[in-house]
Amino acid sequence: MEQAGALGDGTTNDQQAIQAALDYAAVVEAATVAFYSSRYRIDCPLRVSPATETRAEDGHPLVVRRSVALKGKAADRSVLEFRGLDGEDPETGWQLVPTASDDPALAVWRGGGLFLQGDTEDPVSGEKTIGRLELDRLVLEGGRYHTGAYAWPADILTGDGWDITDKALWVQDCFVGEIICTDTDMIGWKGEIFYLGGALDMADRVVLDRCRFATTNGSAFNPGCNVEIIASDCSFGDCFQAQEDVGKSRAIYRNCIWHDCDHMGLGSGATDTLEHNFLWPTRDDQSPPPLTRLDQCEFRNIGWLRFFSWVGGSIRAVDSPIGLPGWAGQALRDVDLDIEAVLDRKQSIHALTIDGVASLTEQVSGAPTGTYQLPPANVAINLKQRRTREAQLAGRQWLGVLWNGYIDHSCAIHVEGEFASGRVPNGGDTPLSMPLVTMAKETASSSYWTRGWYRPATFSGSGEIRVTAPLMSIGLESAIIADMTLSRTPLGGAQHGYADGQGIRITKDGATGTLRFEKGASASFAVRATRNLTDAYDWIEFVYNRELQRWEESGFFSAA
C-alpha cells in the first residue's frame, strides 16, 4: 500500500492512494493489496449522484472492481478509519444529496466503507469479475455510534437514524462470487454493516472466521440473498438487528454469538425462487432440504429472537425470549433445536413461544386469492431453562412456555428445568392446538403458588377439562361430586393436536369436593376403575391414544 503513496500515519487522508492501489491491482490482476501500517485514514469523497442510485461509484470511500485480497500486515491488524468529507467526524458530519433522479428531496449520505462493483448481470457460465474478495486481519472502523434511533432513512437535520447509505461492506444489485473475511472486524456504522442485497443468487459464498460486526443503528449482518454461509467464532451485535436474513439453502454457524439488539431472525424465506414474498419458504424439491445449522452458538440480550423454517442445532439463549412466529413464517416447518435458556438480568419473559396462524384462512401476502398461511409443522424443541444465581437472589423468574393459534400435531416441545408464573407450558384455557409437550425434572420456582402447575378456572360442577398442559391442577367451588370428562381434540381439531402418546397429570387443587372419572361414562377417557380425586394433591395420569381420540389411564394416586 505504501508503494501507492499511502502514508499510513493515521492522520493523513490515504483514500486516493488506497483507491489507486485497488485500481492498479484490478488492471494488472494482482492477487493482493497489503496494508503494512497500523492505521490508515480514509475520507469519504464527494457524492453528486442521488442517494438511491445503487451502482453509482462517487461518494464511496473505496471501490473494488475485481477479485483481490486485502490483507493487514501490522502487528495488531491494520485499521482502516473511515471519516466524512474532508475528514469530518462521520457521526456529526455527512453530505446531503438528492434522494433520487426524480426526487430532489435531500437525503443523508455517509458513503459507508468498502463498495463492491460486481457484474450487473450474472455471467452464468463465465467468470465473475469479482470472483473472490478476501479480507484478512483488518478493522473497518466507522467511528459512528449506536444511538437507538432506528427510523430510516437518516434524519437530514440530525444525521441520526438508520442510515441506509452507510454500509461497511456494501454489495448491492450486482453479482459476485466468494467473500472471505478472516480475523476482520467492522465496527461503528449507521446502516447495515455487512450487506448483500439484490437477486437471490447474487453471491456464491460467504466465509467468516473470527470476525466481529458491531455497533450500528441498522443490522450488523444482512446477507440478504440465498448465499452459502460458513461462519466460525464470530460475533454480531450492539445494533437494531444482530442479523437480518432471508432463506438459505445452506448456512453453518459454529461458536458464534449474536448479542445486544432489539430483535433478529434466522431461517425461512425463499431459497429456490421467490414465490409470493420473501418470507414464504420455498425450496428446490430435487435437492436436499435447506438448512441453517447452529452449533454451540449463543444469543445474549436479544429483545426477541425469532426462528423460522429449516433451522437446527444447539444454542444457548441468555435473557433472550425465543419465538417461532407462524404468522411471519407463513408456512413454518422443519425446526429442530436444543436450547439452553438462561435467565440472568431480565424478569418475566417467556423462554419460548410458538405462534401458530390465527386462522386457516389467513391470506398470504402477494399470493393469489385463496392461498393461505399454513400452521407450523414438524417442529421439535428440547428446552432446558434455568436461572443464574444472581437471578435467583433477585427473585427474577421465567414465565411459562406457551403457544397459540393453529399448530400442526407434528410439533413437539420437551421442557426441563424451572418454570414460573404459576403455570407450566400451556396454550391457554381453550387452545386451538397443542403440540406434543413433555416435562422432565420440573422445579416450580413460582412466587405465585408452590406447585407451579397450570390452573384453569375453578369448576362449579361436572364438566369437561380442556387439556391444555401436561400438568394441570383442577379445583371445585363446593363440596360436591363432579363427574369430569376430557377434551378429545383441541378446538382446532385432530390435525392440530393432541399427539399420540401425549401425557397429562391432573391434580386435585384443595380438599373441597371430589373429581370423579367414572369407568365407561365417556368416550373421552378410559380408566381401569372409577377414580375419585378427593384429597388435595390426589392425582390421575392419562396418555392420549390418537387413533381412538381418547385419554387412557396410566397412573393414579389418592390418599383417601
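A salt bridge here is a side-chain nitrogen of Lys or Arg within 4 Å of a carboxyl oxygen of Asp or Glu. By that rule, the count comes to 38 salt bridges. The structure is a predicted model, so local features need pLDDT of at least 70 and side-chain atom pairs count only at pLDDT 80 or more, while totals for chains, interfaces and linings use all residues. Residues are numbered from 1 along each chain as its sequence is written, and side-chain values use heavy atoms, with hydrogens and water left out.

Some of the salt bridges can be looked at one by one. In general, side chains of opposite charge can pair when their charged atoms come close. Arginine 293 and aspartate 295 meet this way, with N to O at 2.8 Å. To say how covered such residues are, relative accessible area is used: buried means under 20%, exposed means over 50%, and partly exposed is in between (1.4 Å probe, protein chains only). Arginine 293 counts as partly exposed because its relative accessibility is 34%, and aspartate 295 is partly exposed too, at 22%. Then there is the salt bridge between aspartate 285 and arginine 283, where the closest N and O atoms are 3.7 Å apart. Aspartate 285 sits at 61% relative accessibility, so it counts as exposed, whereas arginine 283, at 25%, counts as partly exposed.

As for the labels, helices (H or I, at least four residues) and strands (E, at least two) are DSSP runs, numbered from the N terminus. Both partners are partly exposed: arginine 455 has 40% relative accessibility, and aspartate 509 has 26%. Elsewhere, salt bridges link up into a network made of Arg132, Glu134, Glu178, Arg205, Glu228 and Arg250.

Next come the strands. As a general point, strands of a sheet pair through backbone hydrogen bonds, either parallel or antiparallel. Two strands are said to pair if DSSP finds at least two bridges between them. Strand S23 (residues 291–302) pairs in the parallel sense with strand S21 (residues 250–254) over five bridges.

Another set of five strands forms an open sheet in the order S36-S38-S42-S43-S40, with mixed pairing. Its edge strands are S36 (471–475) and S40, each pairing on one side only. Inside this sheet, S38 (residues 503–509) and S42 (residues 539–545) pair in the antiparallel sense over five bridges, and isoleucine 504 has phenylalanine 542 as its bridge partner in S42.

Serine 524 is found in the loop between strand S39 (514–517) and strand S40 (525–526). At 3% relative accessibility, serine 524 counts as buried. Its side chain makes a polar contact with the side chain of serine 522, at 2.9 Å. (A polar contact is a pair of N or O atoms within 3.5 Å; within protein, one must be able to donate a hydrogen and the other to accept it, and residues adjacent in sequence count only if both atoms are side-chain atoms.) The serine 524 side chain also reaches the backbone nitrogen of leucine 486, at 3.1 Å. Leaving aside neighbours within four places in sequence, serine 524 is in contact with Thr485, Leu486, Arg488, Arg550 and Trp551.

Proline 431 has its place in the loop between strand S33 (412–419) and S34. It is another buried residue, at 2% relative accessibility. With neighbours within four places in sequence set aside, proline 431 is in contact with Trp403, Arg466, Val467, Thr468, Pro490 and Leu491. Its C-alpha atom is separated by 31 Å from that of arginine 293, a residue 138 places away along the chain.

Notes
Contact = heavy atoms within 4.5 Å.
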